[in-house]
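Biologist: Can you put the structure up? I have some questions about how it is put together.

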Amino acid sequence: MFDDFFIRALVAGIGVAFITGPLGCFVVWRRLSYFGDTLAHSALLGVTIALSLEFNIALSVFITASVIALFLIQLQKKTNLPGDALLGLLAHSSLGIGLVAIGFLSFIRFDVMGLLFGDILAVTTNDLLVIWIGGILILLTLRFIWKPLFASTVNYELAEAEGLKPDIAKAIFTLLMAAVIALSIKMIGLLLITGMLIIPAAFARNLSDTPKKMVLFSIIGGLLSVFLGLFSSLKLNTPSGPSIITAALILFVISLFKIKQTIKLKN
Amino acid sequence: MSLDKNTLVRLKDAGIKQDEKWLVQGVSLEVNRGKIITLIGPNGSGKSTTAKIALGIYKNYEGTVEKFTNKIGYVPQKISIDWTLPLRVADFMVLTENLSADEIEEALSLTGVNHLVNKNLGNLSGGEFQRVLLARAISKKPDLLVLDEPVQGVDFTGEIALYELIKKISEKLNCGILLISHDLHMVMSATDHVVCLNGHVCCSGSPIDVAKDKEYKALFGDQASQTLSIYEHKHDHEHTDDGKIKQKN
């Protein structure tokens with residue numbers, strides 16, 4: 001019924017939704033939307049480096065994003081600029097450098113649009129393996145650091161005082177962010193990855209009263225977005241990333257009605 | 001005070017500088033098992049800072065800090081929780097420790113808020129939230145409790161009950177308590193050792209010694225000094241309702 005490439009895209013999308021769901025909750029809780037965006041923008045640079053050195057793309061993106069994250073922490077310590085200005089600085093300069101570098105790589109045929117907005121045709125069996133094995137590792141790691149990470153999200157000083165070592169958890173979480181971007185860049189595209197992290201989590205927030213429920217609904221929201229987005233992408237011949245994000249937005253709008261009902265019930 | 005294993009945390013000449021200015025300096029104190037140490041002092045005298053040095057929240061301190069336990073319960077003075085988090089009281093209770101439903105229920109009952117267990121943390125009143133904070137800190141049966149203004153915003157009768165509870169807990173769990181309070185009346189009856197801070201240690205000792213201390217009087221005035229003394233001899237007599245001394249049987 002469906003072509004192979006579509007099945008591959010679907011399996012990849014399901015994997016991506018399982019990773020972005022829980023991580024997206026932390027992105028919303030810890031107010032890291034722009035941080036995620038910055039890492040995603042740096043992914044283009046990572047892809048360019050991978051292509052010019054004939055290196056694994058996902059690994060290269062992961063390393064570039066991690067380096068950018070480290071760089072950001074250093075800049076925060078050394079300058080008096082506000083955090084959002086630094087984030088913007090890094091996001092756009094790494095995107096700029098990435099695009100300039102691609103210009104030099106004219107000998108390689110390269111689909112920039114696919115990189116920016118995602119391309120289901122580009123998902124190979126190899127990518128599936130990377131997404132699923134990497135995804136399982138990411139989720140296991142998140143499970144492992146959940147307690148200190150969540151406690152310090154609620155209140156850093158409590159977590160630190162009661163011996164949970166929140167700084168280590170935060171550093172590991174930053175690496176997980178870099179990893180999730182590396183894994184989902186082909187599917188969603190680097191301009192829209194943060195949307196995949198935030199929108200299902202925002203949808204879930206409207207439906208949940210406990211943190212665990214929010215994670216669950218965030219995964220469900222991500223899965224529904226992938227299904228709806230990919231099917232409409234196939235039918236309407238639209239790029240996969242934007243279609244998935246649009247589907248996520250529709251789910252979010254529907255979830256707003258649920259809030260209205262709850263508020264009505266309370267009054 | 002010896003170096004025995006009853007010591008839970010020890011500060012020796014500890015202090016912290018921020019922008020070339022000392023927030024607090026030269027603090028030496030020990031919290032021992034089964035004892036309550038109270039930090040008093042005016043606003044900005046470094047009480048909370050001292051507690052945070054002892055807890056390891058501030059890391060760029062000077063002097064030495066030795067911690068002999070990791071089972072710590074902390075009630076911070078200020079807590080800013082992001083209310084965008086969907087967080088019920090039950091979720092907050094297991095923030096740093098895994099507890100059974102029974103343990104959660106038991107701790108919340110002690111502070112009188114077990115009916116709030118499924119409520120959203122953001123919908124609590126200030127006093128209710130403070131009781132939940134205290135319940136969370138004691139629920140993990142810590143060796144060391146650090147309570148920074150633990151009863152702020154709690155109504156008057158509740159305040160007395162909570163201080164009695166704190167005293168009871170220190171006996172029951174045999175834990176050491178580092179208490180910060182500006183409420184001299186309430187605290188002194190239960191405290192074993194008082195440290196009076198004003199950027200440095202002004203004086204320290206038993207409540208009665210501190211009350212007599214000149215520096216303490218200079219800091220808080222004679223009135224406060226009397227308050228302390230009243231509480232010290234409260235132990236040997238009780239008042240009748242009209243204020244006379246109750247005859248012992």
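Modeller: This is a predicted model. In chain B, strand β5(B) is joined to strand β6 (residues 144-148) by four bridges.

Biologist: Do they run parallel or antiparallel?

Modeller: β5(B) and β6 of chain B run parallel. As for residue pairs, B:Val75 sits opposite B:Leu147 in β6(B).

Biologist: Which helix packs on the sheet there?

Modeller: Helix α4 of chain B, residues 126-139, which touches β5 and β6 of chain B. The direction of α4 makes about 170° with that of β5(B).

Biologist: What is the strand order in that sheet?

Modeller: The order is β5-β6-β7-β3-β8-β9 in chain B. It is an open sheet of six strands, and the pairing is mixed.

Biologist: Which are the edge strands?

Modeller: β5 (72-75) and β9 (201-205) of chain B, each of which pairs on one side only. Ignoring direction, neighbouring strands of this sheet are turned by 10° against each other on average.

Biologist: What about the hairpin, how many residues lie between the strands?

Modeller: Two residues separate β1(B) and β2(B) in the hairpin, and B:Asp19 has a positive phi near 50° there.

Biologist: And which residue of β4(B) does B:Arg10 stand opposite?

Modeller: B:Glu66. β1(B) is joined to β4 (residues 62-67) of chain B by five bridges, and these strands run antiparallel.

Biologist: Switching to chain A. How many helices and strands?

Modeller: Chain A has 11 helices and zero strands.

Biologist: How much of the contact count comes from residues 24 or more positions apart?

Modeller: In chain A they make up 72% of the contacts with a separation of 6 or more.

Biologist: At what angle do α3 and α8 of chain A cross?

Modeller: Roughly 145°, with the axes of α3 (residues 57-78) and α8 (residues 166-188) of chain A coming within 8 Å. The crossing of α3(A) and α8(A) is right-handed.

Biologist: Which residues make the contact?

Modeller: On α3(A), they include A:Ala58, A:Phe62 and A:Ala65; on α8(A), A:Leu175, A:Ala178 and A:Ile185 are among them. The contact of α3(A) with α8(A) has 12 nonpolar residues, two polar and no charged.

Biologist: Last topic, the interface. How many residues of each chain are in contact?

Modeller: 18 residues of chain A and 20 residues of chain B.

Biologist: Where does the largest share on the chain A side come from?

Modeller: From α7(A), with five residues. α6 (125-154), α7 (156-161) and α10 (211-236) of chain A each supply at least two.

Biologist: How do the residues on that side divide?

Modeller: The side of chain A that touches chain B has nine nonpolar, four polar and five charged residues.

Key. Residues numbered from 1 in each chain as written. Chains lettered and ligands numbered in written order. Predicted model: local features only at pLDDT ≥ 70, side-chain atom pairs only at ≥ 80, totals over all residues. Contact = placed C-beta atoms within 7 Å. Nonpolar A, V, L, I, M, F, W, Y, C, P; charged D, E, K, R; others polar. Axes fitted to C-alpha atoms, helices over the stretch in contact; angles between N-to-C directions. Left-handed = near helix turned anticlockwise from the far one by under 90°. Pairing = 2+ DSSP bridges.
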